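Hi,

Here is the structure I promised to pass along.

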Amino acid sequence: MSVIEGDAGEHAGGDSAREPTATEDLLYDVIRRLWPLHRTVVRAVERELADTGMTAGEHALLDTLHTEGPRTVPQLARTMGLDRQPVQRWVNHAAELGLVVTAPNPAHRRSSLIRLTTEGTAAIRGIQRFESTELRQRLADLPAEDVRTALHVLDRLGEEFRHLANGSRVQREETDSQGSRDSRGGEGSNGSNGKPEGHDSRPTAPLMHKGRSGA
């Protein structure tokens with residue numbers, strides 16, 4: 001995966017033979033660890049849920065609903081950084097278990113809200129209490145500042161990889177350039193805020209909610 005190489009080439013004037021910096025090496029090490037870490041977390045969660053009937057994906061679904069409140073399936077998919085189809089499957093199974101229900105959506109009659117039931121709320125709270133106890137015992141040696149730094153790095157990686165995944169990195173740069181021309185009254189100005197028509201400035205969703213997707 002040549003993500004960092006691409007940026008390095010730009011900063012070095014296109015010299016692809018330049019040796020990677022220490023920071024780039026560290027970033028590659030972080031990226032290399034993410035996939036096996038994700039799979040390990042999923043396996044640990046699946047073992048934890050063995051007697052509940054839930055999958056790791058449904059755990060992430062309930063956690064999202066508990067944190068964010070009622071959401072539509074498309075909203076859940078965006079928040080969790082996943083396709084709609086697996087999220088819909090998790091919703092269907094969680095509904096069969098009595099953990100979630102659909103509710104009318106005042107903002108969109110044809111797209112129902114998914115919300116936790118009383119049983120679903122109790123289930124995710126119980127799981128979170130257990131997980132919190134485990135985290136305190138197993139990771140007590142990690143300072144809070146280290147954890148905050150890890151969150152910052154993961155957030156940045158997620159943001160940049162989302163741009164790479166949807167091809168928006170170049171589009172974003174082109175939009176910035178276009179916006180500069182528009183602000184000077186150049187070609188393409190829409191006469192309002194300097195952004196071309198159709199520009200969407202909404203932030204993208206997190207790549208993965210708490211690292212759990214449930215394969």
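Let me start with helix 7, residues 144–166: its 23 residues reach 33 Å from the first C-alpha to the last, close to the 33 Å expected at 1.5 Å a residue. Keep in mind that this is a predicted model. Within helix 7, the buried residues are Leu157, Gly158, Glu160, Arg162 and His163.

Stepping back to the whole chain, you'll find 8 helices and 2 strands. Reading from the N terminus, the order is α-α-α-α-α-β-β-α-α-α. The chain has 215 residues, and 29% of them are buried. If you take contacts between residues at least 6 apart in sequence, 55% of them join residues at least 24 apart.

Now the inside. Nonpolar side chains tend to be buried together in soluble globular proteins. Here, the largest nonpolar core has 23 residues, and Leu61, Leu62, Val87, Val91 and Val100 have the most contacts inside it. Two or more residues of this core come from each of helix 2 (22–48), helix 3 (56–68), helix 4 (73–80), helix 5, strand 2 (113–116) and helix 6. Helix 3 gives the most, with 5 residues.

Leaving aside residues up to four places away in sequence, Leu61 touches Leu76, Met80, Val87, Trp90, Val91 and Ala94. Two of those partners, Val87 and Val91, are also on the list of residues with the most contacts inside the core.

Helix 5 spans residues 84–96 and also holds Gln88. Is Gln88 buried, partly exposed or exposed? Its relative accessible area is 27%, so Gln88 counts as partly exposed, since buried would need a value under 20% and exposed one over 50%. Gln88 and Thr72 sit 16 residues apart in sequence, with their C-alpha atoms 9.8 Å apart in space.

Cheers

Key. Residues are numbered from 1 along each chain as its sequence is written. This is a predicted model: local features need pLDDT of at least 70, side-chain atom pairs count only at pLDDT 80 or more; totals for chains, interfaces and linings use all residues. Side-chain values use heavy atoms; hydrogens and water are left out. Helices (H or I, at least four residues) and strands (E, at least two) are DSSP runs, numbered from the N terminus. Buried means under 20% relative accessible area, exposed over 50%, partly exposed in between (1.4 Å probe, protein chains only). Contact means heavy atoms within 4.5 Å. The expected span of a helix is 1.5 Å times one less than its number of residues. A nonpolar core is a set of buried Ala, Val, Leu, Ile, Met, Phe, Trp, Tyr and Cys residues joined through side-chain atoms within 4.5 Å.
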